[in-house]
Amino acid sequence: MFPLQVLALLFIAAQRDDQRVTEKEKEKEKEKEKGGEQEREGQKGKDTESKYDLMFQRGDLLEVPRTLFTHFGIYLGGGRVAHFIPDILPVVSDDEWEIKQMVTNNRLILGVLAKCASVRVDTVEDFAYGSKILVNTMDKVCSRPPLQGDEVARRAEKLQGSMTYSLLWYNCEHFVMYCRYGTVMSFQTFQFCKTVRKLLLSRRVAKATAVLGMCLLLYFRALSVCSTLLAVLVPFLIWMAA
């Protein structure tokens, strides 16, 4: 039995040596594959950088149509864009990999409702979301001259991270206007408020409110001093604001 035990031990040891050699070869192959992938990714990154760096300059203001409004960002160079965008995913998930993926329209709209947003850096492709990119169109309508490109990009980079979002008072346009022109304003918000004012604060609305108020008072038979004063005061204020 002793010779058989010795042979068995030698056989097992030989098998382990073969397995070790095979594992080492596999590890070497994996390392080669990883090295090749890294080289390909690096080359791809260089191609992307050269492509977009020829199209845009560091500090350029980029804008793209997105659902019901226009989205804005600041080009940082190397195919990267800093932009202030609403996103609901950080509220409901801790998965960093998922959060870093492109913000879809559903994530964006829910983020607007939840007032959850952040200044993040994405690729030009993810920022554009398949739309055509316009460059520095605000230079034609803003009364202030743009800052130097490096200063614009530095401002955008410093503001990275979560921030309070407001559709009217601090959105992506406010962010880029501060970075590029040093002023916090939004032409989209101004136009929206102007449209709402035209719809609600008009003489027709004032007349309709007065008639509706009197009809409600008569229908519910609530002719008290307070209700009558309210029915008169509301249309009067709308009339004066129109």
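Just after helix α7, G182 takes a positive phi of about 75°. Helices (H or I, at least four residues) and strands (E, at least two) are runs assigned by DSSP and numbered from the N terminus. The structure is a predicted model, in which local features need a pLDDT of at least 70 and side-chain atom pairs count only at pLDDT 80 or more, while totals for chains, interfaces and linings use all residues. Residues are numbered from 1 along each chain as its sequence is written, and side-chain values use heavy atoms, with hydrogens and water left out.

**The chain and its confidence**

The protein chain has 10 helices and 6 strands, and of its 242 residues 30% count as buried; here buried means under 20% relative accessible area, exposed means over 50%, and partly exposed lies in between, for a 1.4 Å probe and protein chains only. Residues 24 or more positions apart account for 66% of the contacts in the chain with a separation of 6 or more, where contact means heavy atoms within 4.5 Å.

The pLDDT, which is the predictor's confidence in each residue from 0 to 100, averages 78 over the protein chain, and 79% of the residues score at least 70. Among the elements, helix α1 (residues 2-55) has the lowest mean pLDDT, 51, whereas α6 has the highest, 95. Over residues 1-22 the pLDDT stays under 50, and the model has 0 contacts beyond four places in sequence for them; residues 40-46 also stay under 50, again with 0 contacts beyond four places in sequence.

**The sheet**

The 6 strands form an open sheet in the order β5-β1-β2-β3-β4-β6, with antiparallel pairing. Its edge strands are β5 (134-135) and β6 (161-164), each of which pairs on one side only. Strands of a sheet pair through backbone hydrogen bonds, either parallel or antiparallel. Two strands are taken as paired if DSSP finds at least two bridges between them, and four of the pairings are set out below.

| Strand pair | Sense | Bridges |
|---|---|---|
| β1 (residues 61-66) and β2 (residues 69-77) | antiparallel | 6 bridges |
| β1 and β5 | antiparallel | 2 bridges |
| β2 and β3 | antiparallel | 3 bridges |
| β3 and β4 | antiparallel | 7 bridges |

E63 can be followed in two directions: this residue stands opposite F72 in β2, and its bridge partner in β5 is L134. Further along the sheet, Y75 has V81 as its bridge partner in β3, and the bridge partner of I85 in β4 is S118. Strands β2 and β3 form a hairpin with 2 residues between them, and G78 in the turn has a positive phi of about 65°.

Burial can also be described strand by strand. Because 5 of the 6 residues of β1 are buried, this strand is largely enclosed by the rest of the structure. Strand β3 is mostly covered as well, with 6 of its 7 residues buried.

**Helix α7 against the sheet**

Helix α7 (residues 172-181) packs on the sheet, where it touches β1, β2, β3 (80-86) and β4 (116-123). The direction of α7 makes about 40° with that of β2; the axes are lines fitted to C-alpha atoms, for helices over the stretch in contact, and angles run from 0 to 180 degrees between N-to-C directions. The helix is mostly covered, since 9 of its 10 residues are buried, and among these buried residues are C172, F175, V176, M177 and Y181. What covers the buried residues of α7 includes the strands β1, β2, β3 and β4, together with the helices α6 (149-158) and α8 (187-200). At the start of α7, a side-chain oxygen of N171 reaches to within 2.9 Å of the backbone nitrogen of E173.

**Residues elsewhere**

A210 is found in helix α9 (residues 203-220), and this residue counts as partly exposed because its relative accessibility is 28%. A210 and V234 are 24 residues apart in sequence, yet 7.8 Å apart in space, C-alpha to C-alpha.

How many disulfides does a search of the whole structure find? The search finds 0 disulfides, a disulfide being a pair of cysteine sulfur atoms within 2.5 Å. Two of the cysteines can be described by their accessibility: C142 counts as buried because its relative accessibility is 10%, and C215 counts as partly exposed because its relative accessibility is 44%.

How values were computed
A polar contact is a pair of N or O atoms within 3.5 Å; within protein, one must be able to donate a hydrogen and the other to accept it, and residues adjacent in sequence count only if both atoms are side-chain atoms.
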